[in-house]
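Here are my notes on this entry. Keep the viewer open and check each point as you read.

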Amino acid sequence: MAANGTSVSIQDLSLNFGAVSVLQTLNLDVAEGEFIVLLGPSGCGKSTLLNCIAGLLDISEGRIFIKGKNVTWEEPKDRGIGMVFQSYALYPQMTVEKNLSFGLRVAGVAKDDIAKRIARAAEILQIEPLLQRKPAALSGGQRQRVAIGRALVRDVDVFLFDEPLSNLDAKLRSELRVEIKLLHRKLQNTMIYVTHDQIEAMTLADRIAVMKGGVIQQLDAPQTIYNRPVNRFVAGFLGSPAMNFIEGQMETGTPAVFKAGDLAIPLDRYDFESAGKGGGPCVFGIRPEHVIFGEAANSMPFVTDATVEIVEPMGSDTLVWTKLGDRNFSFRVEAEKTLRNGDPIRIGFDPARASLFDTPSGNRM
Amino acid sequence: MSDHAISLAAPHAAIRADASGPSGPKPRHVFSRRNIFLYGTLVVVALYYLLPLYVMVVTSLKGMPEIRLGNIFSPPLEITFEPWVKAWSQACTGLNCDGLSRGFWNSVRITVPSVILSIAIASVNGYALANWRFKGADTFFIILIVGAFIPYQVMIYPIVIILREIGLYGSLSGLVIVHSIFGMPILTLLFRNYFTSMPEELFRAARVDGAGFWGIYLRIMLPMSLPIFVVAVILQVTGIWNDFLFGVVYTRPDTYPMTVQLNNIVNSVQGVKEYNVNMAATILTGLVPLVVYFISGKLFVRGIAAGAVKG
């Protein structure tokens, strides 16, 4: 990535609808050529933030810069952005070619220039055979390709994607996901991508901004967000199957120990966010794939015996549910392992791979 | 895989061998009780509505002596088009004796501009209310809708005074303005609902593409709204053509619309009642809305449905 300079800069942005505050003094800097994914559950304000960047919503406070230019009061067309919508939003009465050229025709671009740009976009997106068709005669994937093309022909600095793959079926979604990633590598444009799908976020993003309640919870590279979530919300939102949480107490000492019922997990290998944490109520989180099963578990710092409750085969691997104390606990095993309900098993894990959250604040310890 | 296929095929073959039992399309009985009831009702209702029309057509084709025999349902013994010609070009209304033709052209000159003007304004109104949420839009909309429920009679006299003051009383343009204003509430509601039902993202995409208020209206919204325009045209053409009240109040005898002239022909108290001329005149007056319905019936139903789904 050519990360020189800031492409989009959002400063102290707030948005209120009447008394309802949707976005609260939000700050976000997107580097040139960066792929940022805004990820969060529905109603977290991610699409609203994208509409603010596009200029489709008037903001209540703050400023927005695109390419160093203050565009806070600019019209959408003057911001140097292209947008791709979830429902494609193709003009139904126009052919694909007219759809692509609409923005250029409105802007009064010369005819041969329009033709050149459409030819280039059609070639990049491989939609040349579709140019004379109407949107109604296209499949979902083709429509979304045309919608991307509409942003492409306008030669914009920043691409905004508003859940572009949510209307497609699973197979097309994964195909187009790869295409969008290839497109980004080819164009090197700044892209801001809104989704609630964590797989899209993990696979596409240079950095993910996890949002909740109009606030960015964590802005980091996908691996960092996955392995070191800053709070319990981020930890629970990312990862499928979800992280196991065990509520309990931390007891100081050497080593510090996490206790929940008769469960005691030594924390000497855990990498605390800040040294000298006292005890108190906290939540211990471990991802299902970080749990080791069988003979290999014996070499782990924490080992325990359990019973298989339910087995969920997923094809590539199998999710096994068991009980740790009285809490449901899941872990992953290879698909070849045949386990039956009621089998006694031995599991273990390394607390260095776990996450520990302070119970009152939910923040990482 | 192949084992499965065989084990499945065996019982299937057994069922196949048994040729009795229902198979293929479900048989339909033409003379079921349900059908007799359904079509019987339809026929009765259709007759109920068509009989008066039949009497009108038949009577208009008879001469006066034949009418005096009193057999209103019997077909004409001697078909004559004399009453039609008379109704169109000779019947007397007040001072003029040039028949309904004068009223017909007056009605055309009232209806065409009124329909165009009211639909042009109302469609932009509806578009602005649906897509460009301005401050006070809801209040404006409510005021407009309340307008649809105020009885016309309340406003007749104030409008007479207003038209007199601006010097348009008695002229066709005055009546055109009145029709355009009174069509506004219902048409705006119709268009607003239609435009609201269009996907919001389409409008946003057009804004990102740089189109403005008129650009989006003319190049995106208009081409997509043929059905609702057809509905509006039918509503307005029939409404304005059939209007009697405004016509009689706001025009002079030489600018009377067709409906007012028809009333004057039919209700004239002097001389013999020429039933055949009256019938012909009535059919002539009702012909325009009838033709409009026949031409655009399908589009009308589709458009009404499209506008009515979302409110």
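1. Start with a helix pair in chain B. This is a predicted model. In it, helix α5 (residues 101–131) of chain B packs with α8(B) at an angle of about 35 degrees. The axes of α5(B) and α8(B) are 6 Å apart. Their crossing is right-handed. The residues of this contact divide into 17 nonpolar, twelve polar and two charged.

2. Next, the largest nonpolar core. It has 135 residues. Helix α8 (residues 172–196) of chain B gives the largest share of this core, eleven residues. Chain A takes part too: domain 1 (6–230) and domain 2 (244–358) of chain A each give at least three residues to this core. In soluble globular proteins, nonpolar side chains tend to be buried together.

3. Which residues have the most contacts inside the largest nonpolar core? They are Leu38(A), Leu160(A) and Ile192(A). Look closely at Ile192(A). Leaving out residues up to four places away in sequence, Ile192(A) touches Val8(A), Val30(A), Ile36(A), Leu38(A), Leu50(A), Ile53(A), Val158(A) and Leu160(A).

4. Another core lies apart from the largest one. This other core has eleven residues, including Ala91(B), Leu100(B), Met258(B) and Val277(B).

5. Last, the contact between the chains. Chain A brings 17 residues to it, and chain B brings 14 residues. On the side of chain A that touches chain B, β6 (81–84) and α2 (96–107) of chain A each supply at least two residues. α2(A) gives the most to that side, with four residues. By class, that side of chain A has twelve nonpolar, four polar and one charged residues.

Methods:
Residues numbered from 1 in each chain as written. Chains lettered and ligands numbered in written order. Predicted model: local features only at pLDDT ≥ 70, side-chain atom pairs only at ≥ 80, totals over all residues. Core = buried A, V, L, I, M, F, W, Y, C linked by C-beta atoms within 7 Å. Buried ≥ 20, exposed ≤ 12 C-beta atoms within 10 Å, placed from the backbone. Domains from an automatic or database assignment. Contact = placed C-beta atoms within 7 Å. Axes fitted to C-alpha atoms, helices over the stretch in contact; angles between N-to-C directions. Left-handed = near helix turned anticlockwise from the far one by under 90°. Nonpolar A, V, L, I, M, F, W, Y, C, P; charged D, E, K, R; others polar.
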